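Work through the two exercises below with the sequence and the coordinates at hand. Each task is followed by a solution in steps.

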Amino acid sequence: MRSLVTLDHIHKQHRLGDQIVHALLDVSLKIDRGEFVAIMGPSGSGKSTLLSILGCLDHPSRGRYLLDDEDVFVQSKVRLSELRNRRIGFIFQNFNLLPRLTALENVGLPLFYRREPLRNPTARARAALEQVGLGGRMHHVPAQLSGGEQQRVAVARAIVNGPDLLLADEPTGALDTSTRDAILALLGELQCAGLTVVLVTHDSEVAACAWRTIRLRDGAIVGN
Amino acid sequence: MRTFSYIYLAFRSVRAHILRSILAVTGIVIGVAAVLIVVAVAEGARAEISRQINSLGSNLLLVQPGAQVAQGVRQQAGTILSLTAGDAIAVARGVPEVVVAAPFVGEQKTTISGDLNWSTLVAGVTPGFFEAREWRLAEGQLFNDDQVALAAKIAVIGRTVARELFRGSDPLGRFVRIERSSYLVIGTLAEKGQDFTGRDQDDVMFIPLSSARIFTIGRSQANLDVVHSILVKTESAQSMPAAETAIARVLRQRHKIVGRKADDFRIQNLIQVAQTRDRAYRQFTLLVSTLAGISLLVGGIGVMNIMLVSVTERINEIGIRLAFGARPQDIRRQFLLEAVLLCTIGGLLGLIVGYACARVVPWALGWPIEFNEAMALIAVACSSLVGTVFGLLPAERAARLDPAVVLRSA
């Protein structure tokens, strides 16, 4: 079976003044469909950059990224946004919900940008919220929700369009232990349902939930 | 359907920053209101002018005596009395385009009725004058040719004179005295209002030309046939230039002016005089509304400024939208629609303010106002256009943002 994600000699450089900083140095990896992968490493090791590239948010300086058979970085901006819309879901450390929208509207955001609009997007968003156990708080705005609840809304938003790949950047970094475990359990459930989950963390307890841990140091893979 | 969602999105965003939105569109509000008020005032003035043009009567030429030349210096028009009632008859007979040629004498006189007196223009005319001026009766009757031939002491008075001399009581059948002659009032005239020079046209008393010359006006003059002017009505506006030439020919012949000698009379097209004023007014209107329009542009810059701030402030929101599948054109559309909505709301507020002011101005300042609905539509449409133009740059900036950079800064 082909891997869902194939990264081929990815390099990423930033220019800081006249200095070139290597965020990623020759990273190659494969992630299979249905895997639960944790990316670990100290801060500045390039974890977030790697996740941005996986999420089609950032371009590598060099290298190739295949999502299934599609060579991602030869695609147009429009196609990239379509990939982000339909095939990839994001979860962020600070939730990144739109503060003025209700939970339901936040979850509906990816549906709003679908190329082929659904006949009943609200029902789909509601179903996603029920799936993460927030059926009762749909019309609350983020400020009225606890951190754990906000992250559940974010998870619902990430999965509402039925993506293949769920990318989580320190999803539990802003949560206390019990809510952290609940979110991890939720991610575990989603993974059991067939979703491929990649999460970035520096919490080894979180990484322990994953099947596989990729360790990064100074932009290079040091353990897999 | 999609567009509605975007408009709703824009509406929510405008509402979320209500104070800032209001401040942003103040310039637009003032601009639109200014355009509407200026145009309303100017249109009011022009409507007044066109009413005055209409009150003159149509297709009129005014023949006046020429200026006397005293030792090379030309005096005021009318300083020589070269026109006669005979000239009027000759013009009426000799120029086919002429419908009426009405001789006129007039002088400011004190009129007296009972214990009231009033200084007014006393004019000696023939019935043709009322026809030329298209002047309607309010009550009673006009004098006829027989009464003119008999030099009857009768009068038809204007609205102002009726008011000043009779204070609301019926003037018909009453007498008005001018010096030692008393005239029986047989008719009152319908109101005409001011002419384009601002003179009150209703402040007048008409008496038969013959009676005027015999009893009241110009008794000292040697030639009783002399008149102050001749008002000529032609059959159509097109025939006016031809009539003008023909009248000049007839008068030169009668006055024995030959070769290159200058005319001793002057022919004026009254409508043209009024129209020239109207054109001047229209240009002035254009100038002032252009200035007001510029304030609309300044308002647009204000909106652009706020939109740029808004884009910077909402980088996080833009990043989130991009991360969940918004295309650059979706972001562009969102911010552009927001700017357009903002400016359109400003335009509508300006419409309300402008309309309210247009209501207050005539009441407060006594200027005539003509609120122009078409202009209101244009002004609101212009403000939407301003929103589009000045929304482009902020929207483009938002659309160009790099999602990776945006989320990292969040």
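Two strands pair if DSSP finds at least two bridges between them; strands (E, at least two residues) and helices (H or I, at least four) are DSSP runs, numbered from the N terminus. This is a predicted model, in which local features need pLDDT of at least 70 and side-chain atom pairs count only at pLDDT 80 or more, while totals for chains, interfaces and linings use all residues. Side-chain values use heavy atoms, without hydrogens and water; residues are numbered from 1 along each chain as written, and chains are lettered from A in the order in which they are written.

**Exercise 1.** Determine which residue in β8(A) stands opposite Ile39(A), and describe the sheet.

*Solution.* Step 1: strands β3 (residues 36-40) and β8 (residues 196-201) of chain A run parallel and are joined by five bridges. Step 2: within β8(A), Val200(A) is the residue opposite Ile39(A). Step 3: the open sheet has six strands with mixed pairing, in the order β6-β7-β8-β3-β9-β10 (chain A). Step 4: β6 (88-91) and β10 (220-223) of chain A are the edge strands, each pairing on one side only.

**Exercise 2.** Classify the ring pair of Phe112(A) and Tyr6(B).

*Solution.* Step 1: rings of Phe, Tyr and Trp (its six-membered ring) pair if their centres lie within 6.5 Å; planes under 30 degrees apart are stacked, over 60 edge-to-face, the rest tilted. Step 2: ten aromatic pairs are counted over all chains. Step 3: the centres of Phe112(A) and Tyr6(B) are 5.1 Å apart and the planes at 50°, so the pair is tilted. Step 4: Phe112(A) belongs to helix α3 (residues 103-112) of chain A and Tyr6(B) to helix α1 (residues 2-16) of chain B, so the pair joins two chains.
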